[in-house]
Amino acid sequence: MSALTNTNDDVVNHPILPNTYLDEEDMSLLHDLKAAERPHLFTPIVSSSSNQFEKYDTPLWRRHNLAQDWEAIAEKFSEPLPGNRVEIVDAELVSSYEKQNLPCLIPNLTSTWTPQTFTTFLSTYSDLSFRFSDQHGSMLDLTTYSAYVNHPLLGLMDDSPLAIYDSEFNLTEATKSIADSYAVPPCFSKCLWEGIEAGRKPPFQWILAGPTRSGTGMHIDPVGTNAWVSLLRGLKLWVLFPDTIDVDSIGLVEKIESSVWFTQNWEKLKAGELGQFHMCLQRPGETVLVPAGWPHAVLNLADSYAITHNYACGENFEVLKRMVGEVIKEERSFAKIWFKRLKETDREVWEKVKVMEGVGKIVEEEDSDDSDGSDSDNDDSGIH
Ligand SMILES: O=C(O)CCC(=O)C(=O)O
Ligand SMILES: [Fe+2]
């Protein structure tokens, strides 16, 4: 959206008010983005309507009316339920949690990072477009996104507003400053995919920026990886379940927005109906270690800005085995690249990995690709 198209004088004359002007093109883009992001909440465009809010309306995004009582709901959620609290530990203990594949929360890992808030992020990169998910290619510029977030009929009404979820910021010159604004905390084990360039391995780093009520519904992180999530500003509520849980019992496949999930399941969690869970509130400066294979949901209880990396961890043999299996199943062309590299650069891990199920077959394929004269390193099958 160009500032020149803004004819709303009230907004222009009061710069402290967020600009919420959206033209028809913006509304149409937002409608497309919402449709791609949550196809199950799709509402067709009412082409007969001349009112753009009615024409591009997405009523299912506010079907639970959470925005109305949000203050009270957020207040209730800001007192985590007793039970398995996520343990707060110092950096030296992280590897022991990686070995046991358990979650923990580590304070003070971000003191050297460039400060950032949801709002400063939106204004710093206002002209640039970002992604809102890895599931589709739709992008939106942050001026339009900011107008959506602050609009009384849109972001301020949605049960779980759109949030920025972008893994490709490290690939462009314009957003390189984001990659330069933080550093991987050294307490996490070395990623076994390290050294393979971004774009040739599965996505591994994301900016997570969203307003209160946004978040990430119940999910398991991709390809058997661990993750760390560092919060710079805001407040996040986490629930994590052990990797042994029956995923049907916690609505993993239902794609429920996290604000809705917590609202519908709070009493069940409290009554122990969902079994063992780990819960914590994450505050600025704190980092959560997410163990591989653990289903979890995260809800922003305030406007939040966070950075997360997923990493391939070799600290726990069973976790490593599961991750290798998932790489073979889901990212076959990357498996070839990774195994070749492991063989050349990390004999110790390679000795463990080479005997795992399916690995020998991939290596044979890679060897015969090489003897064909085809260079699989140039295979740009495009893992993004
Ligand atoms: O903070 C969030 O919304 C989600 C964090 C997370 O679990 C993820 O990015 O996989
Ligand atoms: Fe996650």
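1. Two domains. The chain is divided into domain 1, made of 71-116 + 181-311, and domain 2, which covers 331-371. This is a predicted model. The C-alpha centres of domain 1 and domain 2 lie 31 Å apart. Eight residues from domain 1 and seven residues from domain 2 make the contact. On the domain 1 side, five of the touching residues are nonpolar, one is polar and two are charged.

2. The shell around ligand 1. There are 13 residues around ligand 1. Leu208, Gly215, Thr216, Val298 and Thr308 come nearest. Sorted by class, the shell has seven nonpolar, four polar and two charged residues.

3. Four strands each give at least two residues to the shell around ligand 1: β7 (205-210), β8 (215-219), β9 (226-240) and β12 (296-311). Which strand gives the most to that shell? The answer is β12, with four residues.

4. Helix α9 spans residues 258-270 and has 13 residues. From first C-alpha to last, α9 reaches 17 Å, close to the 18 Å expected at 1.5 Å a residue. After α9 comes Gly272, with a positive phi near 80 degrees.

5. Helix α9, its buried residues. Ser258, Ser259, Val260, Trp261 and Phe262 of α9 are buried. What covers the buried residues of α9? The cover includes α4 (70-77), β8, β9 and β12. Three of these names are worth checking against point 3: β8, β9 and β12 each also supply at least two residues of the shell around ligand 1.

6. Look at the loop between β9 and α9, where Lys255 has its place. Phi of Lys255 is positive, near 55 degrees, and Lys255 is not a glycine. Is Lys255 buried, exposed or partly exposed? It counts as partly exposed, because it has 14 C-beta neighbours inside 10 Å. The cut-off for exposed is 12 or fewer, and for buried 20 or more.

7. Asn108, another positive phi. Asn108 lies in the loop between β3 (104-106) and α6 (118-124). Its phi is near 60 degrees, again a positive value in a residue other than glycine. Asn108 has 11 C-beta neighbours inside 10 Å, so it counts as exposed.

8. Glu351 in helix α12. Glu351 sits in α12, which runs over residues 347-353. Why does Glu351 count as exposed? Because it has 11 C-beta neighbours inside 10 Å. For a sense of distance, take Phe130: Glu351 and Phe130 are 221 residues apart in sequence and 41 Å apart in space, C-alpha to C-alpha.

9. Asp367 in helix α13. Asp367 is found in α13, residues 359-371. With 12 C-beta neighbours inside 10 Å, Asp367 counts as exposed, because the cut-off is 12 or fewer. The C-alpha atoms of Asp367 and Lys336 are separated by 9.5 Å. Along the chain, Asp367 and Lys336 are 31 residues apart.

Note on methods:
Residues numbered from 1 in each chain as written. Chains lettered and ligands numbered in written order. Predicted model: local features only at pLDDT ≥ 70, side-chain atom pairs only at ≥ 80, totals over all residues. Near = placed C-beta within 6 Å. Nonpolar A, V, L, I, M, F, W, Y, C, P; charged D, E, K, R; others polar. Expected span 1.5 Å × (residues − 1). Contact = placed C-beta atoms within 7 Å. Domains from an automatic or database assignment.
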